[in-house]
Amino acid sequence: MTARGLTPSLLLQLLVVAGAAGARWRGQGTTPHLQSIILGRCAEYDALVNPDPRGRNCTAIWEAFKVVLVKDPCSVLPSDYDRFIDLSRHSIPRDKSLFWENNHLLVTSYSENGLRFLPLCSVLYGRIGDFLSWCRQENASGLDYQSCPTSEDCENNAVDSFWKRASMQYARESSGVISVMLNGSEPSGAYPVKGFFADFEIPYLQKDKITRIEIWVMHEIGKPKVESCGEGTVKILEERLKKMGFQYSCINDHLPVKLLKCVDHSTHPDCVLN
Amino acid sequence: MANHRCGSVSEEEPCCDISKKTKICLCVFFGLLVAVIIAVPVGILMWRHPLQEWKGKGTTAHFYEILLGRCYTYTQIVRPELGHKDCQKIGKAFTTAFLSKDPCSSTEQDYQPLLELTAQTVPCNKTLFWSKSSQLAHDYTRVQGDLFTLEDTLLGYMADGLKWCGDPRSSEMNYQSCPDWREDCSNNSFSVFWNAVSKRFAEDACGVVHVVLNGSISNTFDERSTFGRVEVFNLRPEKVHQLQAWVMHDVGGVHSDSCSSSSVNNLKRILKERSIAFSCQNNYGPIRLLQCVKNPEPSSCRFYV
C-alpha cells in the first residue's frame, strides 16, 4: 500500500482552503476519519508488513496517540507522544536507515515501500502519521477540521511535536551504514541548519552502533546545481559529522537515485542511457 | 486450592463432622464441576471449528480494519476528489459479498453492490495494464502519478495483497484457510472478485491504453492470465482505439520474448479482430530506467557521457 502524496493541484487546493476566510491557522486541518486511518495503518503493518511475534495492540496504540487530541493545539510537546512511541516502536534493520531533507516523494519512491530502505515513513510510528494532520480546536474540545497550527503559528503544535519525537526515536534505533539524501537544487541550501535532521536526528545518532554515514547530494534534472559535496551547507554538515567523530563520505547524484529521477525526464540529455 | 478429599478420605482418618449424605452430595457436586471444567473447553473447541478446511491461506488478519483504513486513506488523501464516497457503506458491501456464503460458489452478482459504490472514472489514456510484471508496473505508477493500474483505483487499492473468504455455517470470516484456485475451486470469492474488477477496469478504459509485459519469460502474452482472459476481451473498441505494449527484458537478463515474438503477435491478432490497433515497444525508456534503479551495475545502465 502507498500513500501517493500531495499532487500539485491538491497542494493548491489545500493552500486555498487554509487561506480561506475564517481559517485560524496556517496549516491543513485534521484529516477526516483519522481514527479509522490510523487503526487501519497499524493493522496493515501488523498483518502484512512487519508482524510482531508478541502481537501489537493497535487499539492501545490509538489510545496512546489520542491523548494529544484533547490538548490545546499549541501546547503539545514531543514527550506527549512517549507512550505512543513506546507501544509502536520496533527495531530497524542495520544499514537500512535513510534520512532526508527536501525530497519526501523521492525518498518514498526510492525506498520502495521499505524493501530497499526503511526511511522514517516506513517504520510503524512514521507510517501512522505520514501525510496526516491533526489538532484540537482552540476553544473547544472537538477536532479542528478547518486548519491546524504550523511552526509559524506556534512551536508546540501536535504535528511538529509528533515528527520531532518520531525522528528522535528513529535516529536512536538506527545502526550500521546511515544514508542521507539531500536536495542540492534547493535554493536555501541542501542541509537545513535548523531542521528535523539537524536538530532531532543527528543529535540522537548512537555513535557506537553506527559504522559510517553516506551523504547523497541529489540535483534536479535540468535545474541549477546550487550545492554539491564539500560546498555551502553540505560542508557545514560534513564538518559537524567530523567533529562528532563519525566516519562519512559524500556522493553527488548517487547513481541509483539519479536513475529514478530520470524516469520522469527520460528524454533529457542527462538521462540518456548507453 | 481447597483441599477436597472427597472419595479419597482414608478410612483411618475420619474427616470432620460432615454426615455421609453431605459427603455424597459434595462428591457428586465436585465430580460434576470437574466434568464441566473439562467438557466446556473441549465443546467450545469443537464448536468453534466447524469451518471448512481449504488448501489456501486464510483471510488476512484484521481484514476489515485494513480495508476501512485504506478506503479512507484513498478517498481523503490519495484521491480527495472521491472524498464523498461512504467508506462504511463500501466496507459493508464488501463483506456482505462473501460472508455466510459458500466460498466456492461466488458470483460476480455478489460483488455488484460493491462495484456500484466504488465506481471511479479513470482519465483517458491513463490506464496501465500489466501481466507477469506487477512490481515493475507499480513502481512505474508510483513515480508516474497520473497513470493507473487496477491497484491504483479505489477498489484495487483497498483489496491489493489481501485474502478473504467466508463460510456458509458461520457469519465470521475464515481466518484458518481459504479455497485455492487450483486445488479447491476456481469460482472462489477471491478469484471472482479480481475477475469482476478487472473486467470493469477494462470496460472503463478509453483512448490509448498501455500494458507492461515481461519479455524475460516465455509466453510474454499469456492467454490464461487475467490480462489475456479478461482484460483484453473487455476493452471497448468504441472507446479504446489503441493498445500499446511495452515489453521489458530483465536488465542483463534473458531476452526470451520481444515485440516480434509469436505470443505478442497473438495479442496483436486478437486485438485486430476486435478492431483495436496495436503497437509495441521493447524496453520502453522510463521503465528501463526503473529497472536500472534496482540493478545499476550493468553497462546498459550507465549514462551516456
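Reader: Where does pLDDT stay under 50 in chain A?

Author: Over residues 1-6 of chain A. pLDDT is the predictor's confidence in each residue, from 0 to 100. The model still has 27 contacts for that stretch beyond four places in sequence, a contact being heavy atoms within 4.5 Å. Where pLDDT is low, the predicted coordinates should not be read in detail.

Reader: What's the ground rule for the rest, and how are things numbered?

Author: This is a predicted model, so local features need pLDDT of at least 70 and side-chain atom pairs count only at pLDDT 80 or more, while totals for chains, interfaces and linings use all residues. Residues are numbered from 1 along each chain as its sequence is written, chains are lettered from A and ligands numbered from 1 in the order in which they are written, and side-chain values use heavy atoms, with hydrogens and water left out.

Reader: What are the averages for chain A, and for chain B?

Author: Chain A averages a pLDDT of 92, with 92% of the residues scoring at least 70. For chain B the mean is 90, and 90% of its residues reach 70 or more. Residues 1-14 of chain B are below 50, and that stretch has six contacts in the model beyond near neighbours in sequence.

Reader: And what ipTM does the complex get?

Author: The predictor gives an ipTM of 0.88 and a pTM of 0.86.

Reader: Ok, helices. At what angle do α5 and α10 of chain A cross?

Author: Roughly 110°, and the axes of α5(A) (residues 104-111) and α10(A) (residues 255-262) come within 11 Å. That makes α5(A) roughly perpendicular to α10(A); angles of 65 to 115 degrees count as that, under 35 as roughly parallel, over 145 as roughly antiparallel and the rest as oblique. The axes are lines fitted to C-alpha atoms, for helices over the stretch in contact, and angles run from 0 to 180 degrees between N-to-C directions. Helices (H or I, at least four residues) and strands (E, at least two) are DSSP runs, numbered from the N terminus.

Reader: Which residues meet there?

Author: Leu106(A), Ser109(A) and Tyr110(A) from α5(A) meet Pro256(A), Val257(A), Leu260(A) and Lys261(A) from α10(A).

Reader: Changing topic: how many salt bridges are there over all chains?

Author: A search of the whole structure finds 27. The criterion is a side-chain nitrogen of Lys or Arg within 4 Å of a carboxyl oxygen of Asp or Glu. One of them pairs Arg165(A) with Asp82(A), the closest N and O atoms being 2.6 Å apart. Arg165(A) sits in α7 (residues 158-172) of chain A and Asp82(A) in α4 (residues 82-88) of chain A, 83 residues apart.

Reader: Arg165(A), buried or exposed?

Author: Buried, at 9% relative accessible area, whereas Asp82(A) is partly exposed at 35%. Buried means under 20%, exposed over 50% and partly exposed in between (1.4 Å probe, protein chains only).

Reader: What does Lys132(B) pair with?

Author: Asp222(B), in a salt bridge of 2.8 Å, N to O. Lys132(B) is in the loop between β2 (128-131) and α5 (134-143) of chain B and Asp222(B) in the loop between β4 (207-214) and α8 (226-234) of chain B, so the pair ties together parts that are 90 residues apart in sequence. Lys132(B) is partly exposed at 38%, and Asp222(B) is buried at 7%.

Reader: And that α5 of chain B, how many of its residues are buried?

Author: Eight of the ten, so α5(B) is largely enclosed by the rest of the structure. Those buried residues pack against α5 and α10 of chain A, along with β2, β4, β5 (240-248) and α10 (285-294) of chain B.

Reader: Last one: what does Ala43(A) touch?

Author: Beyond its neighbours within four places in sequence, Ala43(A) is in contact with Cys58(A), His62(B), Glu65(B) and Ile66(B). Ala43(A) is in α2 (residues 34-49) of chain A and is buried, at 3%.

Reader: What's the phi of His62(B)?

Author: Positive, about 60°, although His62(B) is not a glycine. His62(B) lies in the loop between β1 (56-57) and α2 (63-78) of chain B and is partly exposed at 34%.
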